[in-house]
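Subject: Handing over the structure

Hi there,

Here is the structure I promised you. Please open it first, and then read on for what turned up in it.

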Amino acid sequence: MRLSNTITTITGGGSDGWDLFIKARKMISEGHDITELTIGEHDIKTDTRILEAMHTAALGGATGYAMVPGIDDLRNAVATRLAARTGVPTTLDNVLITAGGQAALFAAFRAALDEGDTALYINPYYATYPGTIRSVGGVPKAVTAEADNGFLPTFEALDAAAAGAKALLINSPNNPTGAVYGRDTLEAIAAVAIKHDLIVISDEVYDTQVWEGEHISIRSLEGMNERTFVVGSMSKSHAMTGSRVGWLVGPDEAMSHVLNLLTNTNYGVAGFTQRAALFALGLGEAFEDEIGAPFQRRRALAQKALEGQNAIRLSQPSGAMYLMLDIRATGLSGDDFADKLLMERHIAVMPGESFGDAAAGHVRIAMTIPDAPFEAAIKEIAAFAANLA
Ligand code: PMP
């Protein structure tokens, strides 16, 4: 089969960074007892009430083709939510429902890039970013956010990379670093975007999980609404990863074009999952806080467990479900540390290098196991690092 270059080069040819995860899963299948701190998925399942709403909707007939832009009630609910959070007037014409945030990312890049156009993204990065850019024929270009600057991108680094680029992808609260971009950082990003006429794609799927500071959407900054796409999702905020409900928000003229893409690709998202998402949003902020609470609690447990030692430095985890541990004092790379930790202590963590070289010498911890084993694992990792250092 004579396949396209675009599809055969999506991964960029490198390792996808999941070697350690695969090794850990293999050890589990062979009967080893492994503590997994690898995957960014809640340790609880979707709430029964949401599943009941899904069931009721399906029995009630929401099983045919749903409206391609998404059902109006859900688009309105998302618009109201974003308007309330950002102060930017938003209507259903600014909102398209997609199969999770991932499909919204794809749609945003398809809208922003032509073949060969450059898109900037911040290193360290969530695994699918460069592949999503390549999957629309774009050229991904990483901009380093230094560990020693709290993994925050700077005006200088962005400005130096931006000449000729068409788009810039940001993600706050951030996976994998837990960084939350404050107003200063967002203003620097906005200044670069305006100077170089970039479309900004703002991945805000962790917007309800902020443990320090506040979530600010770059869309609310002056001059940004007309050049920003916001990616959102029910996956993280409502523990609905498998339901595949997300959205893309942007200027209405842009959305009318993106709608043509959705018509010619997914042809809509299942009506019963959209109804379930609508019900879930109706549970309000108290429910979102409940979903986020375990991560906030475990973050505090980890901070306490890492007090009074200096083999591991915890980079400020301000949001999301992850911690980045700086293990450079052990003299090992993130890859070697993670491998040794897996083999010797049966704890699986993600090497920082799998999220880009800016996270070298770090490991990412997903706070996605119950509190007691989580705390024990952090203490074990600290003792392991102290031994090496
Ligand atoms: N963006 C980020 C930063 C993520 O971590 C994830 C999922 N891990 C996604 C987007 C995609 O999530 P979904 O498609 O489930 O909404």
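Let me start with the ligand: one of its oxygen atoms is 2.7 Å from a polar backbone atom of Gly 101. I call that a polar contact, meaning a pair of N or O atoms within 3.5 Å; within protein, one must be able to donate a hydrogen and the other to accept it, and residues adjacent in sequence count only if both atoms are side-chain atoms. The protein covers 92% of the 400 Å² of accessible area that the ligand has on its own (areas by the Shrake-Rupley method with a 1.4 Å probe; for residues, only the protein chains shown count as cover).

Before going further, please note that this is a predicted model, in which local features need pLDDT of at least 70 and side-chain atom pairs count only at pLDDT 80 or more, while totals for chains, interfaces and linings use all residues. Residues are numbered from 1 along each chain as its sequence is written, and side-chain values use heavy atoms, with hydrogens and water left out.

Back to the ligand. An N or O atom in the side chain of Ser 235 is 2.6 Å from a ligand oxygen atom, and a polar side-chain atom of Lys 236 lies 2.9 Å from a ligand nitrogen atom. There are 14 residues around the ligand (a heavy atom within 4 Å of it), and Gly 101, Asp 203, Ser 233, Ser 235 and Arg 244 come nearest. The shell divides into four nonpolar, seven polar and three charged residues (Ala, Val, Leu, Ile, Met, Phe, Trp, Tyr, Cys and Pro count as nonpolar, Asp, Glu, Lys and Arg as charged, and the others, Gly among them, as polar). Helix H5 (residues 100-112) gives the most to this shell, with three residues; helices (H or I, at least four residues) and strands (E, at least two) are DSSP runs, numbered from the N terminus.

Next, Thr 330, in the loop between strand S10 (322-326) and helix H12 (334-345). Is Thr 330 buried or exposed? Thr 330 counts as buried because its relative accessibility is 9%, and buried means under 20% relative accessible area, with exposed over 50% and partly exposed in between (1.4 Å probe, protein chains only). A polar atom of the Thr 330 side chain lies 2.6 Å from the backbone oxygen of Ile 327, and the Thr 330 side chain also reaches the backbone nitrogen of Leu 332 at 3.2 Å.

Happy to go through any of this with you.

Best wishes
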